[in-house]
Amino acid sequence: MTSAAAATTKSIIHVAGYSSCGFYRRAASVVASLSLLFPHRLQLVQHEFTSRDEFREWLIHGTNFRERVGNTLGGGNLRASAHSSSPFCWTSNTADQSSNSADSVLEFIGGCDDALDWCRKFAQPPPAPSTSTDGEGNIAEMVPDGHSPSHSYDYDLLILGGGSGGLAASKEAAKLGAKVAVLDYVKPSPAGSKWGLGGTCVNVGCIPKKLMHNAALLNGNYVHDQPHYGIGVTPESIEANYGMTQDNTAATHSWDMLKQNVQNHIRGLNFKYRVDLREKEVTYLNLLGKFVDKNTIETVDKKGNVDTVTFSRCMIAVGGRPTPLNCEGGELAISSDDIFSLDRDPGKVLCVGASYISLECAGFLRGIGKDVTVAVRSILLRGFDRECAKLIGEHMKDEGIVFREEVVPTKLE
């Protein structure tokens, strides 16, 4: 297919999965975003199932859609026939939402990572003919997007999202002379948590996580190491232990003090980022936005006041949020958006899931002395090196973390 033909042909991509699957939601979200940006080139068709069992019944057992896709593509497509997880993605020559017809399938894409790779290739600009004479192939060139320095919009560039990517891009663009605004607004989590400028990493990610891990390490040193180096040891304790040193067994920890100091540090960073934007002449808009057209955003502030902002170019850097538990009583659970600002001591904790975020939370909570259990649906750290994942699991068990394997919550109370 030539570049010209690729630019005019509309791709129809189907994404099937169950509603509570984060990988399905991510793949569908990325394809949906591209379809908004390129409505004449891409269309998303979602096949959303209410549960994992319903999805697998359609994919593997009852309808056996994957086998039918493999047969449609000729000779039995082994990748399609062996795919068993959510999402299941393919391209088709029709936007029919029927979940049973495999006759129109053009290409099996794969799962979430495969869908994201497909989207990257789709959004990549076509190569331009090389002017070099050394025969090394093609080079990519930027395609004009209609931007003009003499435009009448409010901003040259509007960035949606005030996280690491959005802030870095805004300051670089402003340094090159662009008139830039950053639109950043945090909707409260289901538990009511909200935060300031800086995105996930600063507020509910890397920064508070590392501070709480440091607390866990210091607590471990106090319990296991300090007495054996003579720190905090008294003549009475030596006599009581017959001249030997023992681990500290009366370690105490104040969750309120840790949480308050972590939040104070984060608020200082929030303020620093706002000052930094002002010094770089970037406008900060603490507003929630939605697209009206390709050059206009409708904004709403925390008081409900509605306005519009116009721009010549827009960059989307909004990040993501945790997926709520899809079970009865799921609203009673908190997520990584809430744990770092939790007003009460978490006490005995169940971490649902075995992703790296869940295991990180389990690790620092156990390190400061909490009773922690991890509910594992299938395997630890899916997508990571299996030998490393096994070693991590063994180490966490040695530290006293309990793993309940092959379980999924069906009710919280």
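This is a predicted model: local features need pLDDT of at least 70, side-chain atom pairs count only at pLDDT 80 or more; totals for chains, interfaces and linings use all residues.
Let me start with Ser 152, which at 71% relative accessibility counts as exposed, since exposed means over 50% relative accessible area, buried under 20% and partly exposed anything in between, with a 1.4 Å probe and protein chains only. Ser 152 is found in the loop between strand S6 (139-140) and strand S7 (155-160), where strands are DSSP runs of E with at least two residues, helices are runs of H or I with at least four, and both are numbered from the N terminus. The C-alpha atoms of Ser 152 and Tyr 222 are separated by 63 Å, and these two residues are 70 apart along the chain.

Residues are numbered from 1 along each chain as its sequence is written, and side-chain values use heavy atoms, with hydrogens and water left out.

Now the chain as a whole. The protein chain has 13 helices and 15 strands, and its C-alpha atoms fill a box of roughly 85 × 60 × 55 Å, taken along the principal axes. Of its 413 residues, 36% count as buried. If we take contacts, meaning heavy atoms within 4.5 Å, between residues at least 6 apart in sequence, 64% of them join residues at least 24 apart.

Strand S1 (residues 11-18) and strand S2 (residues 42-49) run parallel and are joined by eight bridges, two strands being paired if DSSP finds at least two bridges between them. One of the residues involved is Ser 11, whose bridge partner in S2 is Leu 42. Together with helix H2 (residues 22-37), S1 and S2 make a right-handed β-α-β unit; right-handed here means that, with the strands pointing away from the viewer, the path from the first strand over the helix to the second runs clockwise.

Which residues form the aromatic cluster? They are Tyr 18, Phe 49, Phe 55, Trp 58, Phe 65, Phe 88, Trp 90 and Phe 108. A search of the whole structure finds 16 aromatic pairs, where rings of Phe, Tyr and Trp (its six-membered ring) pair if their centres lie within 6.5 Å, and planes under 30 degrees apart count as stacked, over 60 as edge-to-face and the rest as tilted. Trp 58 and Phe 65 are stacked, because their ring centres are 4.6 Å apart and their planes lie at 20°, and both residues are buried. Phe 65 also pairs with Trp 90, and this pair is tilted, at 4.9 Å centre to centre with 50° between the planes. The relative accessible area of Phe 65 is 0%, and Trp 90, at 2% relative accessibility, counts as buried.

Leaving aside neighbours within four places in sequence, Lys 259 is in contact with Phe 340, Ser 341, Leu 342 and Asp 343. The side chains of Lys 259 and Asp 343 are joined by a polar contact of 3.4 Å, that is, a pair of N or O atoms within 3.5 Å, of which, within protein, one must be able to donate a hydrogen and the other to accept it, with residues adjacent in sequence counting only if both atoms are side-chain atoms.
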